[in-house]
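Q: I am new to this structure and would like to learn how to read a few of its features, one at a time. Could we look at it together?

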Amino acid sequence: MTATLASPARVGRAAVWALGMLAVATGALESVVTPTLPLLQRELDMSPAEGALLSIVLLITGALVTPIAGKLGDRYGGKRVLIRLMAVVSAGGLVSALAPNLPVLLLGQVLQGAMVGALPLSFILVREHLPAGESKVAIGTVSGLFVGGGMAGTLSAGPVAEGLSRHWMFALPTIAVIGSTLLVNRLMPQDAPGRSDDTGVDWAGLLLLSGTLVTLMLVLALAPDIASQPLVLGALVVVLAAFATGWTAVERRAVSPMVDLRMLARPAVWKSCVLTFVICVGTSVPVYLVPQLFAVPAGEYGFGASATEIGFFLLPGAVAASLAGPIGGIGARRFGSRAVVTAGIVIMAAALIALAAVHTEVWHLVIGKMLIALANGLCVTAMVTSTATSVDRSDTGIATSLVLVTRVLGYAVGVQASGAILTAGTRSGSDVPAESAFVTGFVIAGAVTALSLFVARTMNKGVKG
């Protein structure tokens, strides 16, 4: 009893900075694929649809792992789960670094996706071992360093891949992950396990949702080849329907579901989910198409940019995304969530249509991508705030987890659909898609984003003040 009531051990700055170093390393490892995707497609002979699949598997894994990691961290202790999670991430980084082909690289990315669960586990440790005031500062520091690591990865991936090899762009941040994990293990004291509940982890829901997302990605990837593989595509659609139906049934009956679908009956929640899905589709299209357009040979209609140049071109968008969260939070408090979401949708739709009409200079794409990243951050921050404040405090985690799953689904659908559009727009015997394929992608994304204004108008204004 004495041990149970004892205050947790306090930690010094060294332990917090070890968590910060881990955040930098994981952020860098997460971000290396986007600026180097055209290079990876050339070296591994990938189609645009396969490249799209590579760019989203890490995110899908992260969305599935994060709620489970948080629950296990509360139950067994954040440090214990974090160290094991980072062992999986390190293994994934090494697999990616040594990958000789696409299937092995996809496996590495699936394992790396466990890194997304590292942030909530870090927050558990910080809140356990620091006073309330200091923990808020530490959480902000760790979050900011993760974003900074992502920027570092975006900038360094190209030079490393071109100067050394694509293998080293995965290996170097993986080495940093291993080193910082060892530091956390040494400097951070164990946190006491929380009280175990009797509900357990919703493993059935996790497996069925995994099957649903993976099958959906395969359907989108094979859509351009429907004429040559109609039976395969038809069979996958049937499997997708079975997975989705089974997952819905399991989640509705589970005592502690991974995603509580009953929450969707609340207007504030389903509206946020619809808007999140549409906005993430709109955001993900340029996330995939803009680097591809940069890499199109200058002799065609592109710029022939190298992986290093693409990283520099994408940096302003990464900076805008990092600033959008605080700006969106301030805007939601002052003007209300609906006003911020509406402004973000208008900015994003206008930027997408502008990219479709004008993309003949590098700065056109840089400014367009930056505006879209800013608009996405504004919308997501305002919607998460709106969702969290529209439900009871005890339902906050369930409601925001729905938004998280919807966000991943929208992002995955947008990226995979973009890859399918480019695949369909690539002539036989050519590696360069038609320019009209890019225009089609931007126009569709802009139109879908603009239609979400009809849903945004029905949102509550949100709390001001």
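A: Let us begin with a single residue, keeping in mind that this is a predicted model. Thr-61 is found in helix H4, which covers residues 48-76.

Q: Is Thr-61 buried or exposed?
A: The relative accessible area of Thr-61 is 16%, and because buried means under 20%, Thr-61 counts as buried.

Q: Which residues does Thr-61 contact, once its neighbours within four places in sequence are left aside?
A: Thr-61 is in contact with Val-110, Gly-113 and Ala-114. In this part of the chain, the C-alpha atoms of Thr-61 and Gln-112 are separated by 8.2 Å, although the two residues are 51 residues apart along the chain.

Q: Where does Thr-36 lie, and what does it touch?
A: Thr-36 belongs to helix H3, residues 33-43, and it is buried, with a relative accessible area of 0%. Not counting residues up to four places away in sequence, Thr-36 touches Ala-157, Gly-158, Ala-161, Met-169 and Ala-307.

Q: How is empty space found in a model?
A: Rolling a probe the size of a water molecule over the atoms shows where empty space is left. Here, the second largest pocket has a volume of about 470 Å³, and of the 18 residues that line it, Gln-41, Arg-42, Met-46, Asp-431 and Val-432 are the closest to its centre.

Q: Which helix gives the largest share of the lining of the second largest pocket?
A: That helix is H3, with 3 residues, while H3 and helix H12 (267-295) each supply at least two. By class, the lining of this pocket has 10 nonpolar, 5 polar and 3 charged residues.

Note on methods:
Residues numbered from 1 in each chain as written. Predicted model: local features only at pLDDT ≥ 70, side-chain atom pairs only at ≥ 80, totals over all residues. Heavy atoms only, no water. Helix = DSSP H or I, 4+ residues; strand = E, 2+ residues; numbered from the N terminus. Buried < 20%, exposed > 50% of the residue type's maximum accessible area, 1.4 Å probe, protein only. Contact = heavy atoms within 4.5 Å. 1 Å grid on protein atoms, 1.4 Å probe; cavity = no way out; pocket = protein on both sides within 12 Å on 5 of 7 lines; lining within 4 Å. Points joined across faces, edges and corners; volume = space filled by probe spheres on them. Nonpolar A, V, L, I, M, F, W, Y, C, P; charged D, E, K, R; others polar.
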